[in-house]
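This report describes how two chains meet in a model. The sequence and structure come first, and the description follows.

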Protein chains: 2
Amino acid sequence: MPVKNQKWIYNSTFSGAPKPSDFKFVEDQLPEVGENEVHFKAVAISVDPYMRVLGSVIPPGGVMFGAQVAKVVKSRNPKWKVGDAAVGYFGWQTNWVGVPEDIQSPFGGIEEPYEVPQVVSNVTHALGAAGLTGNSAYFGMMELCCPKPGETVVVSGAAGAVGSLAGQIAKIQGARVIGFAGSDAKVDWLVSECGFDKAFNYKKISVVEALKTAAPKGVDCYFDNVGGQMTADVISCMNSYGRVAVCGSIANYNADRSKPVLVPDYHLNVIIKQIKMEGFLAQRWLGPKWIQGIHQLAEWINQGKIVPRETVTNGFLNIPSAFIAMLKGDNIGKAVVTV
Amino acid sequence: MPVKNQKWIYNSTFSGAPKPSDFKFVEDQLPEVGENEVHFKAVAISVDPYMRVLGSVIPPGGVMFGAQVAKVVKSRNPKWKVGDAAVGYFGWQTNWVGVPEDIQSPFGGIEEPYEVPQVVSNVTHALGAAGLTGNSAYFGMMELCCPKPGETVVVSGAAGAVGSLAGQIAKIQGARVIGFAGSDAKVDWLVSECGFDKAFNYKKISVVEALKTAAPKGVDCYFDNVGGQMTADVISCMNSYGRVAVCGSIANYNADRSKPVLVPDYHLNVIIKQIKMEGFLAQRWLGPKWIQGIHQLAEWINQGKIVPRETVTNGFLNIPSAFIAMLKGDNIGKAVVTV
């Protein structure tokens, strides 16, 4: 009996804040499973800020891109057996049939699914704190910021999926961690549960004012999810040889890029303070290092050293609204949709 | 008989383009040479863009800061003997008496003078292509840009003292080099004498347009002397894992910083292309590496592999006007004043 498949089509290029009509819901029949093919059934689907960014670059028309945790329900491929749980770029659809070795990453190139490691305690964590999100925080902090014990680390977008983990990872390294987020509830959560030393609602206090008292010895590392004014302000408070991991640019994701978007200049501070800034996509570390990262994160979760908070939405039909709410900052921690 | 000393006092904090009245000419008597002290007599004095930058940070009042080549005319210090030529931060004055081990660098900390290495063929080169300027180009290119043979390197402010050397050093590394400068005469000089593959007058062609044809495979390294629009434009043409050495910010040196200076945002490109940007002051490499850099540069000059062009102004009284002209871009290559 043919299987019915539900899909969200990426229908029109995002302009400003994404809206429901940018997506179109369709149903069709799944094909038979051919030689070397696997049938994966969605368990949980990730909604992430990078989708807003790539949405202005990737042409619309196909199934909306994105990662899932999915279970194998049929396999004619020697690498996969029924019941395996995989993380892969199956997109916003309830089922996927094809050759796993041929899957295109939205970041370019082939990216084969990988099995959820046994150490991951909860399947949604494989998309969050012990998955793509966790590794973004892990590699950005460990490979680019490289905080030393006693140094001061600032995280912006700190209550977001990546930011909250980045700060907790810096704490594990022995750094003093200061977070900026957009609501009092988020700020409270960062201090009371994530162990940040200080957190501020940037809507209520200027970043420079906050750092004058919270970082009297200056800022050594900045995990940057935001860009714009926030980046200029944090850099103005950095010490010589400060390191900036540039992970996100949420201040200007929805900016109209048909004309130049203007931001405060921090170029001169980069020179005088000899600051190193590096943009990154976690995919850079795919391969054996990737799985090492996930094992380390899963171990920290299991030891209670990091809090893998998730905002879970139920129901495949709710993916677009979960995505739009996440971009508005309605979530705390990782936003994920269970199917 | 007491020696008369001439000095230029740094008289008022620069606001906008520096003007002659920001400096005050005074004469006084040199003190006697005390124990451990040396009397250095100025031979050539450097005028550099960094002076504009530090001028907004350092309080006015004293002798204007800056490096000289100077000869020892009297010494009561075992390290120095009459006739030695030194490079040191003696400032804008014709004579200096003091303990060389105590000299403050305008960049902070103590910076002892060093003897002009024997391999340097011309004393003014010790301030330029085989000195502070040369090492800025050398370390920025070799340690931060790290061009590989066949890669494409862009240099802005390319006909300036540092830029023209940075491009020539990249050529020696086997890279393809594209320069941007502000006049046709500078552009001609970069191609005909400095061996740049392409050079453009940015006042006549947009940077993005120029790079579309001149860098069809994209830009791998950017030696950035300029900032602002130029930086955003070059970064938009860069390849993944591009490297930016941030050396100068001449587009906005004279900007009124009492309000935020706005520039086009390139933050998102830094992420998507995973670009590494690093600001630097050449002083980072002081010590044995510094002298190695100068020896390498002197060797390249002596082999005719780099063209150490200088714009030389004669006369101590002309330092302020030489400095102001250099900031306007009137010079080609290193601006220096002989005393």
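In which sense do β14(A) and strand β14 (residues 276-279) of chain B pair, and over how many bridges?

## Basis of the description

This is a predicted model, in which local features need pLDDT of at least 70 and side-chain atom pairs count only at pLDDT 80 or more, while totals for chains, interfaces and linings use all residues. Residues are numbered from 1 along each chain as its sequence is written, chains are lettered from A and ligands numbered from 1 in the order in which they are written, and side-chain values use heavy atoms, with hydrogens and water left out.

## Strand pairing across the interface

β14(A) and β14(B) pair in the antiparallel sense, over 3 bridges. Strands are DSSP runs of E with at least two residues, helices are runs of H or I with at least four, and both are numbered from the N terminus; two strands pair if DSSP finds at least two bridges between them. A:Met277 has B:Met277 as its bridge partner in β14(B), and A:Glu278 stands opposite B:Lys276.

Within chain B, β14(B) also runs parallel to strand β12 (residues 238-246), to which 4 bridges join it. There B:Lys276 is the bridge partner of B:Arg243.

## Extent and make-up of the contact

Chain A and chain B each give 33 residues to the contact, which means heavy atoms within 4.5 Å. The area buried between the two chains is about 3,000 Å², with 62% from carbon and sulfur atoms; buried area is the accessible area (1.4 Å probe) that two parts lose on being put together, summed over both. A:Asp265, A:His267 and A:Ile271 supply 21% of what chain A buries against chain B, more than any other three residues.

Between the chains there are 16 residue pairs in polar contact, both residues being at pLDDT 80 or more. A polar contact is a pair of N or O atoms within 3.5 Å; within protein, one must be able to donate a hydrogen and the other to accept it, and residues adjacent in sequence count only if both atoms are side-chain atoms. On the side of chain A that touches chain B, the elements giving two or more residues are β12 (238-246), β13 (262-264), α7 (267-272) and β14 (276-279). Of these, α7(A) gives the most, with 5 residues.

## Relation of the two copies

The same surface serves both copies, as 100% of the contact residues of chain A recur in chain B.
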